[in-house]
Structure formats: C-alpha cells, structure tokens
Amino acid sequence: MSIAERLITRHTPHRALGKGLALSLLLALPFSSVANVDRDAEYQPVTPTVDQARANILIARQLQFTHFRDLGINDSLSGDVFDAYLDYLDGQRIYLTQEDLQKFSAIRLGLGSALKTGQLQPGFDIYNLVQQRIIERLNFALNIIDNGIDKLQFDTNDTIRLDRSEGDWEPDRAALDELWVKRVKNAVLAQRLNDTDDDVIEDSLRQRYEGQLKRAYQARSEDAFQAYMNAFAGMWDPHTSYFSPRTSENFNINMSLSLEGIGAVLQADNEYTKVVRLVPGGPASKQGQLQPADRIVSVTQDDEEKPVNVIGWRLDEVVDLIRGPRESTVTLEVIPANATDETVTKSIAIKRDKVKLEEQSASKDVINLDRDGQSYRIGVINIPTFYADFQAMQAGDANYKSTTRDVRNLIDELKEDGVDGVVMDLRNNGGGALHEANDLVGLFIDQGPTVQIRNSNNDVQVLTDEDPAVAYDGPLVVLVNRMSASASEIFAGAIQDYGRGLVVGSQTFGKGTVQAVRPLNHGQLKITQSKFYRVSGGSTQHKGVIPDIEIPSRVDKSRIGEDALDHALPWDQIEAVPHARYFDFSGIIDELRQRHDERFDESPEFRLLQQEIDFLKEQRATESVSLNHDERKAQQSQIERTRLTIANARRELRGEEPFETLEELDDWQDIQAADLDNTDEELDFIIREGGHIMADMLELDRRMASILNPKQLAAQAR
C-alpha cells in the first residue's frame, strides 16, 4: 500500500466541489501580491483542452465501474450535477439571476451524456457566464465605493440574509443590484462597528473587490475543468474528487508530511476559504486558536504591515499565500466558526514549522478522585492521531514509533502507578493508519476481529487481532466527540461491540469510507472504493459511533459531520462476525447515566458549558441581521456582554478576577493560546467526568476490574 493510500483513510472531509478541495498547508512557495486591475478589460472565455476531454472520459468510466456506490449516468444525475456545479460557482446566489438560469434550461438534463463522451463545452459555457456576472457585480460594488460610502444610509429598516444558499435566485439585474447595495452596506457596517475609519474601510473594500476582480479576469481552463469534474464526481460521494495536475502535486506532497507550514487543511467555501481540520501536533493545533469551520478573511506576513484580503480567492492561491519558511510567522484574520455574522473577526498569529511525528505522539496523565472517602487513581491516555513511522518500519528499525507501541508503553507505566482504570481520549482524533486502529484494539482484547471492510464487489475483508496477549485488562472509558473520525471510530466501535468499555462524549463524525488515488492522463482521481463495518455488522459511515453516555458539545452537528455532507454514502449493515462480549452493561447503564446526569446537574462547569452551547445555538439560528447602525450596534453589544458574562463566570470558579471589558478577555485568550503548555480547564472537566464514570462502573460491578479470569491472569503473569 502506498503512503497516499495508507494516510487517506484519515478523515479529510470536503463537500464535493461545492465546498471545495481540501489542501494541507505544508509548503513554502512564492506569491506575487495583487496589482491594480483594469476594470474596463474584456473577459477572455476559457475553453476545454483535448487532455481534459480524455480525462473526463476516464473519470466517467471509473466512477461508473469502480466506485463503491452503484450509480448510473442519466437525466436525473444530469440535473444534480447542474445544481452542484452552480452551488460551487454561485453558492450564495449573488451573481446569477433566474433569467440567467433560463438560458441553460435546455442543457440541464443533457450534461450526463456529454460527460460520458468528453463533451465539456456545456460546462465551460456555464463557467464563462458566471465569470462574466462576477465581473459585473464586482464593478457594481466598486462603483458604490467610488461614489463614497458616506452616501450609504444606515438608519433604515433594511436587513440582509446571512446565508442565501437555500434562498431563491433573484429574478433580474435590478433585484440583484438591490442585493449588492445591501452587501456593500453590510461590509461597511461590519468595519464601522469595529471603529474603523471610513477611508480605511474604503481602501479595504476596494482591495477586496479588485482582488476578486483580478482573479475573475485571470480565470484558467483548469479552474473550470476542476470545478466541473468535482460537481460530477461529488454525485457519488463527498470524498470522491478530481485533482488537477497542480492539486495532485500538492496532495502528494501532503501525504509525505515532510514539508513546512501551519498544519491546517483548508477548503473552498463559496467566496471564503474555510478550515476543515488541524493536523495534530502541527503549529496551528499547538497554537490553539484556529478552529475547524473558521473562515479566513485576510493573511499578513511577518515582514509586512498590510494584510492581504483573500475573500474570493482561489483555494490554491490562498494556500500559497499562507505557506512560508520555517520559523516565520503568518497572521490570519478569521471569522470564527461560532461567530454570529461576518462582522466578528479575530487575528491569529501562527509560527510556521514542520509537523513532527513526536509531537503527534500519545501521552499520559493521572488524575485522582476522592468520592465519599474512597480514592481512585485514573490513568488518561491522549491519542491525537493514529500514526506510524512507515519509513523506519520499512527500513527494519525494531524501535520504530507507532500509536500501538507508544500506548503499550504508557499502559505499563500507568499500571506501575497503580491506576484503577484507564480513560482513552480520542476527541479531535481524525484517524490515520488503519492497521494501528486494529493493533490498538488488540491491546484491550485477547484476540478476535476488529473491523470489516467491504468493497464495491461486496467482498468483505476482516481485520483481526491474532495476539492473545492483553496489555490492559481493567475498566476502560473511551472519550470521543464530533471530530473523532475514521480510525478513531473503528477503535471506539470495537470497544463498544466487545463490551470492553464504555464510549462517552458526543456522536462521532461518521467517516466510514476508504479512498484510493488513481492516476489519469491529466491529474488524479480520488475515489471511494470501500466501506468500514463494525464487527457487530453496522457501518461507521454516516452514523458514526453513538456514545453510551452523551456529553453535549459546542460543535454544530448540522455543519460538521458526514451526515452534513451532500451525497454522503448512507449507513447500512452487513452480517456480524463472531466476537467475544466481555461485559453486558445493560444492567447498569441506566444507573450510570443517572449518576452522570446528577453530577452534571450540580456541576457549575457543566452549567456554563450548557449556557455557552445554548448561546451558540441561538446565534446560529439567526437568519438575517439589521443594516440599521443603532440596531446592529445593540445586537453586537448584547453578544459581547454574553461572552463576557460566561468568561467571567468561569474565572469566578477558578477564583480569578473578572475581566472588565471584552478587550481584556481577548488579550487574555491570546496569551493563553501562545502558552503551549497551558491546558484547557474544560478538557480536564470532561476527563474527570470520564474518571467518575469509571469509578461508578467499579462500584456497581466489581467484575469489571478485569476481563480475565484467575487462570488467565496467572498465565499473563508467567
């Protein structure tokens, strides 16, 4: 198996085309800054090449005959491809009108037959029209800026819809003009609320719109082809995508994990670039402020004072701009994932570096619990990713690093410490090497199957732990959250199926598919070829792993997770394979949940977490914002007061002085993020709850102290 195939089982989600290709920021390349653009230039339509037509035919054949999903190319699929293509080109419905769409009504159901035979012109015609409309809209916005933003009125009752992806297309240009006036007003108001001077606002918006305009004029044939092919490939599932030759080069570099950057995976999200995930142990992950679903607004190099606005940029250009030499610093201005609207941004400075294997390694800790006079020592093992030093392994190094080897050593150390139970922390673990998930399960069971893998021919392969030795036989709790995916779900699912321990946290991501990268005459195709199934028969795909005891999370499940992705493969099940069942928790699970609920009801930390979750849900439910300055200012002030109240309540629990202003809070958070040794008190709170659940298990049933009978224990000792 190639390095690419080994690592691609990791969770790297992206909506097929409409939400872009995911690229990792690990390389330093030069970038030329935006120059002035000729607003009167004429757009030059892009045209397909012979190589692209040939690649299209190969893609169509591979999708139909080798993808896991059996899907034919017909009129129905043509309509879906058309919609997905428009979703990528104009996902917020701000460039095209209903009049424009009517021009393409005749080809809507004919794209399928054209795609099977390499006839790309219909897709390119759509692309060229959208580029022309983008140019028209940006020139319209620039004319508003040229006229002076002081002419705009902010004392009306106008509002603007935040997310137009599910809204109606505007009927004509006049209606679109009204929408764009509101868009410019919203952009101006956002900066005025941050106390920015009007001349600075005008310069900022002019740079933004001229930058987008320049890129519209510089449209390339490969841009159109990649967009069109991904709309097509995304019909099969969101993890199947086309890589252009340039993107293929990036992808192959990323799989080696040998280059430098910030350690983040990005994807296009309409006019923004969005963070998909952070590489464990990477600079962004260690810095701590950048989060999945954050959207990047601007990028500043450490030797430059002026930020470069990247709204509307192509993904590969944003990637190139963020990359840089080791030890240099890049500052990202982002709209946080939990922001109420685009007016809320924060700046995050990250020092570029290489992602080092040792910084992704598993680690341990011990927490002490006192419960009614009874003391418990709980071992905690944190696993950021499922890793293995493949080069050292292939070179025959007997001491090569891997997740399983490191965890085995940590378990030995914890047993020497006399722990009463172990909590395995897999939160935010996006997966990694599949064989490591299999081997890790083997540390906690004597022997047996760990996962089933079914391909498109319905052939099922069963991975098995054949080593009867058990590294740890005591009580076990596995912590997961929405960002636990792929190999993490395989491990958690196996522990649950074997009755080996309890899974605690929130529903996992649900990434239960395997992809392979196949070369084409022009670029590469990443295609889903297999699907994971638990030993109990149910798939981890779409549904993920449902915890035995649930802990609420800040993560918005409607935006993050396999079931939030378009055309995701469904959950299903196959025949179970025989496997042991160490404990039946059905007799005590209700009592465990009740005790957990009672602790949380009395926990001030949990009440604060729930208050924050409720606040975020309320903000996410906001569909529109006011364009009236006074109303918007009042809304923002209320949001800031709520943030400050929650933060100060948490400080009060720690016996610390409250912040007087939101600026003090933001400054403190920046300092905390810069301190890489700082730990999040919320993580400790949830880990401690995992320890309490462990103690409950032992109090309710002492048989859980070991999965081995006395004879087996004696044999293990020998």
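## Asparagine 139 and its surroundings

Leaving aside neighbours within four places in sequence, asparagine 139 is in contact with Arg39, Leu213 and Tyr217. Asparagine 139 belongs to helix α6, and its relative accessibility of 17% means that it counts as buried. The model described here is a predicted one.

## Overall composition

The protein has 718 residues, of which 57% are buried. Its secondary structure comprises 22 helices and 22 strands. Among contacts in the protein with a separation of 6 or more, 79% are between residues 24 or more positions apart.

## Helices α3 and α6

Two packed helices are described by the angle between their axes and the distance between the axes. For helix α3 (residues 75-89) and helix α6 (residues 121-147), the axes come within 11 Å and cross at roughly 30°. Angles under 35 degrees count as roughly parallel, and α3 is therefore roughly parallel to α6. The crossing in which α3 passes α6 is right-handed.

On the α3 side, the contact is made by Phe82, Tyr85, Leu86 and Leu89, and on the α6 side by Gly123, Ile126, Tyr127 and Val130. Sorted by class, the contact of α3 with α6 has 7 nonpolar residues, 1 polar residue and no charged residues.

## Helices α14 and α15

Helix α15 (residues 434-442) has 7 of its 9 residues buried, so this helix is largely enclosed by the rest of the structure. The buried residues of α15 are Leu434, Glu436, Ala437, Asn438, Leu440, Val441 and Gly442. These buried residues pack against the helices α14 (403-416) and α16 and against the strands β14 (421-425), β15 (448-455), β16 (460-465) and β20.

By class, the contact of α14 with α15 has 2 nonpolar, 2 polar and 2 charged residues.

## Aromatic pairs

A pair of aromatic rings is described by the distance of the centres and the angle of the planes. The count for this protein comes to 10 aromatic pairs. One of them joins phenylalanine 225 and tyrosine 242 in an edge-to-face arrangement, with 5.1 Å from centre to centre and 80° between the planes. This pair links distant parts of the chain: phenylalanine 225 lies in helix α9 (residues 221-233) and tyrosine 242 in strand β3 (residues 241-243), 17 residues apart. Phenylalanine 225 and tyrosine 242 are both buried.

A stacked pair is formed by tyrosine 498 and tyrosine 582, because their ring centres are 6.1 Å apart and their planes are at 25°. Tyrosine 498 is in the loop between α16 (487-497) and β18 (502-505), and tyrosine 582 is in the loop between β21 (549-550) and α17 (589-602), so the pair ties together parts that are 84 residues apart in sequence. Tyrosine 498 and tyrosine 582 are also both buried.

## Two histidines with positive phi

Most residues other than glycine have a negative phi. Histidine 542, by contrast, has a positive phi near 75°. Histidine 542 is located in the loop between β20 (524-533) and β21. With a relative accessible area of 26%, histidine 542 is partly exposed.

Histidine 567 also has a positive phi, of about 65°, although it is not a glycine. Its place is in the loop between β21 and α17. The relative accessible area of histidine 567 is 34%, so this residue is partly exposed.

## Aspartate 269 and glycine 91

Aspartate 269 lies in strand β5 (residues 264-269). Its relative accessibility is 12%, and aspartate 269 therefore counts as buried. The C-alpha atoms of aspartate 269 and glycine 91 are separated by 8.4 Å, while the two residues are 178 residues apart along the chain.

Methods:
Residues are numbered from 1 along each chain as its sequence is written. This is a predicted model: local features need pLDDT of at least 70, side-chain atom pairs count only at pLDDT 80 or more; totals for chains, interfaces and linings use all residues. Side-chain values use heavy atoms; hydrogens and water are left out. Axes are lines fitted to C-alpha atoms, for helices over the stretch in contact, and angles run from 0 to 180 degrees between N-to-C directions. Helices (H or I, at least four residues) and strands (E, at least two) are DSSP runs, numbered from the N terminus. Angles under 35 degrees count as roughly parallel, over 145 as roughly antiparallel, 65 to 115 as roughly perpendicular and the rest as oblique. A crossing is left-handed if the near helix is turned anticlockwise from the far one by less than a right angle, and right-handed if clockwise. Contact means heavy atoms within 4.5 Å. Ala, Val, Leu, Ile, Met, Phe, Trp, Tyr, Cys and Pro count as nonpolar, Asp, Glu, Lys and Arg as charged, and the others, Gly among them, as polar. Rings of Phe, Tyr and Trp (its six-membered ring) pair if their centres lie within 6.5 Å; planes under 30 degrees apart count as stacked, over 60 as edge-to-face and the rest as tilted. Buried means under 20% relative accessible area, exposed over 50%, partly exposed in between (1.4 Å probe, protein chains only).
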